[in-house]
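Thanks for coming. I will take the aromatic residues and then the overall shape. Please have the model open.

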Amino acid sequence: MKITIVAFEGCMTSAVYGQADAFAIAAYISNRRGDGSWSGHDVRIATPDGKPVPGYGGHTIAPHCALAEAKDSDVILIPPIFNDIEATLALEAGLLGWLRSFPKDRALLASTCTGAFFLAEAGILDGRRVTTNPAFSALFQQRYPSVMLALDERPIDDSNVICAGATTAPVNLPNHLIDRLAGHDLADATAHALPVDRPSESPPPPPM
């Protein structure tokens, strides 16, 4: 599968690289075990024009490709917006158009925290139960009255759309995806290497 982590100006830098790290750890564990559970999953970072973007705090995020080169994405992750939300949505018309261009159910779409604003703005969340950062729930409900917020749930997995809330969502979301894409055992092993909630209370895996 082609897994694309989107980066844009003012996004949460640590979410982009943290999610890339989580997938890399899953691949490492899978390769060491020789179980092939992560084989065939290709992870890349994409920006609107394929050029580096300043994440929040001015930290540069270097992409692998432009959004136009990631039309074959099977999984898309949208990180949190850390700049002004409404200004960012207005600025990133290209990203919104790219999200709208995917046929329904073509890709698995996942957002972290305020990244849900992008999915809602693109019309992808209409009629769905979703979650986001509770601090921005009033703005979210004002802009998207047809979307049902369930702030006490994180993440909410609704078929081809996954929304994760705040706090540790940037690292819990990729682990949820690892569970879904490669199985519970690999997700549990990856969670032991990261500061995330493990998908089970099973004992730690044997040393790699």
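Start with phenylalanine 102, which is buried at a relative accessible area of 10%; buried means under 20% relative accessible area, with a 1.4 Å probe and protein chains only. This is a predicted model, in which local features need pLDDT of at least 70 and side-chain atom pairs count only at pLDDT 80 or more, while totals for chains, interfaces and linings use all residues. Residues are numbered from 1 along each chain as its sequence is written, and side-chain values use heavy atoms, with hydrogens and water left out.

What does phenylalanine 102 pair with? Its partner is tryptophan 98, in an edge-to-face pair at 4.9 Å centre to centre and 90° between the planes. Rings of Phe, Tyr and Trp (its six-membered ring) pair if their centres lie within 6.5 Å, and planes over 60 degrees apart count as edge-to-face. Tryptophan 98 is also buried, at 7%. Over the ring of phenylalanine 102 sits the charged end of lysine 71, 5.2 Å from the ring centre; the criterion is NZ of Lys or CZ of Arg within 6 Å of the centre and within 35 degrees of the ring normal.

Next, phenylalanine 140 and tyrosine 144. Their ring centres are 5.0 Å apart with the planes at 65°, so this pair is edge-to-face. Phenylalanine 140 is buried at 0%, and tyrosine 144 is buried at 7%. Together with Phe117, these two form one aromatic cluster. The whole structure holds seven aromatic pairs.

Finally, the chain overall. Of its 208 residues, 50% count as buried. The C-alpha atoms fill a box of roughly 50 × 35 × 35 Å along the principal axes.

Definitions and conventions: Rings of Phe, Tyr and Trp (its six-membered ring) pair if their centres lie within 6.5 Å; planes under 30 degrees apart count as stacked, over 60 as edge-to-face and the rest as tilted.
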